[in-house]
Amino acid sequence: MSGAASGVDKERARGFVASIPHSRDLGMDLVDIGPGWAHLSLPYHERLIGDPETGVLHGGVVTALLDTCGGAAVLSHPEAGLSTATIDLRIDYMRPAAPERELHARAECYRMTRYVAFVRAVAYTDSPDEPVAAAHGAFTVARAVE
Amino acid sequence: MTRRSVEPESIQRMEERRDEALARMAGGVPYVQHLGVAFERRGDELTARLAYDERLIGNPALPALHGGAIGAFLEITAIMELAWQGVWERMEAGGMALAEIEAGRFPAFPRTIDFTVDYLRSGLPRDSYARARVNRVGRRYASVHVEAWQENRARLFAQATGHFLMRQDGDV
């Protein structure tokens with residue numbers, strides 16, 4: 001399902017990700033977005049290496065991508081609030097990110113409540129079936145004051 | 001009679017060696033440098049400092065630091081604390097272990113198994129600090145807790161717990 005067909009303005013969402021200074025600094029890009037889900041990418045760069053011996057990206061880079069992707073999934077949900085912030089994020093590192101490869105993240109907001117949104121996400125390089133990391137998070141839902 | 005082991009000069013030299021080893025260890029990781037994390041040492045205690053930069057902003061409207069930058073800062077602090085404890089022990093052991101460190105050959109960094117970040121309040125656009133406490137470390141597994149604050153040490157803005165895989169010499 002493409003973002004455009006689902007009523008979520010992909011170009012607007014892309015502009016939103018690009019407007020976040022830290023996401024821009026890491027080179028993040030929005031690949032696709034739909035109601036309650038998002039797909040982001042991050043190109044490999046030497047300055048993001050965590051282990052100089054292997055050239056593997058730092059875990060913190062994976063965290064940043066999963067966190068941003070989770071937030072985008074929350075904001076794209078049909079019942080989203082005005083803004084969101086991470087309450088907590090747990091990341092399981094399943095294998096090192098292959099050097100020289102673009103990193104991807106897909107996040108899904110699988111439960112939206114009045115004040116809390118629940119998200120699950122994966123990060124991978126070549127295939128989502130071989131994840132680099134899996135994440136679970138809770139996000140705030142800021143509603144307009146009644 | 002002078003006791004050589006407590007000569008002020010040799011203590012001074014040991015402190016310099018420790019600072020050199022710490023600077024080399026942190027300076028060798030590109031992302032630690034890119035994010036702008038530096039380490040200060042008091043005896044064996046490390047404090048990490050994330051220097052504020054506009055690049056770290058995640059919400060320009062507030063403004064607030066990016067949750068990803070905060071998570072990365074905490075994870076870096078946890079890994080460096082674990083790695084530093086290993087380096088410290090080797091330097092204390094002296095002999096070959098010390099010579100290896102002096103030659104710039106550090107033990108392999110621990111690998112993150114899982115990491116859970118608790119965002120307590122938004123990070124303001126200013127310098128941040130963090131300290132890690134190793135609650136358990138064995139031959140293979142370690143559990144580490146990290147706390148981060150800005151101006152007030154008692155008012156944490158984020159904390160995290162992580163598990164790490166320790167790598168022994170000869171591990172791939």
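1. Basis. This is a predicted model, in which local features need pLDDT of at least 70 and side-chain atom pairs count only at pLDDT 80 or more, while totals for chains, interfaces and linings use all residues. Residues are numbered from 1 along each chain as its sequence is written, chains are lettered from A and ligands numbered from 1 in the order in which they are written, and side-chain values use heavy atoms, with hydrogens and water left out.

2. Chain B. Four helices and eight strands make up its secondary structure (DSSP runs numbered from the N terminus: helices are H or I of at least four residues, strands E of at least two). The order along the sequence is α-α-β-β-β-β-α-α-β-β-β-β. The C-alpha trace of chain B spans about 65 × 35 × 30 Å along its principal axes.

3. Helices 1 and 3 of chain B. Contact (heavy atoms within 4.5 Å) involves, among others, B:Arg17, B:Leu22 and B:Met25 of helix 1 and B:Trp84, B:Trp88 and B:Met91 of helix 3. By class, this contact has 11 nonpolar, no polar and three charged residues (nonpolar: Ala, Val, Leu, Ile, Met, Phe, Trp, Tyr, Cys and Pro; charged: Asp, Glu, Lys and Arg; polar: the others, Gly among them). The packing angle of helix 1 (residues 8-27) and helix 3 is about 145°, and their axes are 11 Å apart (axes are lines fitted to C-alpha atoms, for helices over the stretch in contact, with angles from 0 to 180 degrees between N-to-C directions).

4. Helices 3 and 4 of chain B. Helix 4 (residues 95-102) packs with helix 3 at about 125°, the axes being 6 Å apart. The two helices are therefore oblique to each other (under 35 degrees is roughly parallel, over 145 roughly antiparallel, 65 to 115 roughly perpendicular, and the rest oblique). Helix 3 passes helix 4 in a left-handed crossing. Residues in the contact include B:Val87 and B:Met91 of helix 3 and B:Leu98 and B:Ile101 of helix 4.

5. Largest pocket. Its volume is about 990 Å³ (the space filled by probe spheres set on grid points joined across faces, edges and corners). A pocket is an open set of points on a 1 Å grid over the protein atoms alone, where a 1.4 Å probe fits, with protein on both sides within 12 Å along at least five of seven lines; lining residues have an atom within 4 Å of a point. Of the 39 lining residues, A:Phe16, A:Leu75, A:Ser83, A:Thr84 and B:Asn59 are the closest to the centre. Helix 3 of chain A gives the most to this lining, with five residues. The lining has 21 nonpolar, 14 polar and four charged residues.

6. Second largest pocket. This pocket holds about 470 Å³ of space. Its 27 lining residues include A:Val56, A:Leu57, B:Pro110, B:Arg111 and B:Thr112, the closest to its centre. Helix 3 of chain B gives the most, with four residues. The lining divides into 17 nonpolar, five polar and five charged residues.

7. Backbone. The peptide bond from B:Leu62 to B:Pro63 is cis, with omega near -10°; B:Pro63 lies in the loop between strand 3 and strand 4 of chain B. A:Glu100 has a positive phi, near 70°.

Methods
Left-handed = near helix turned anticlockwise from the far one by under 90°.
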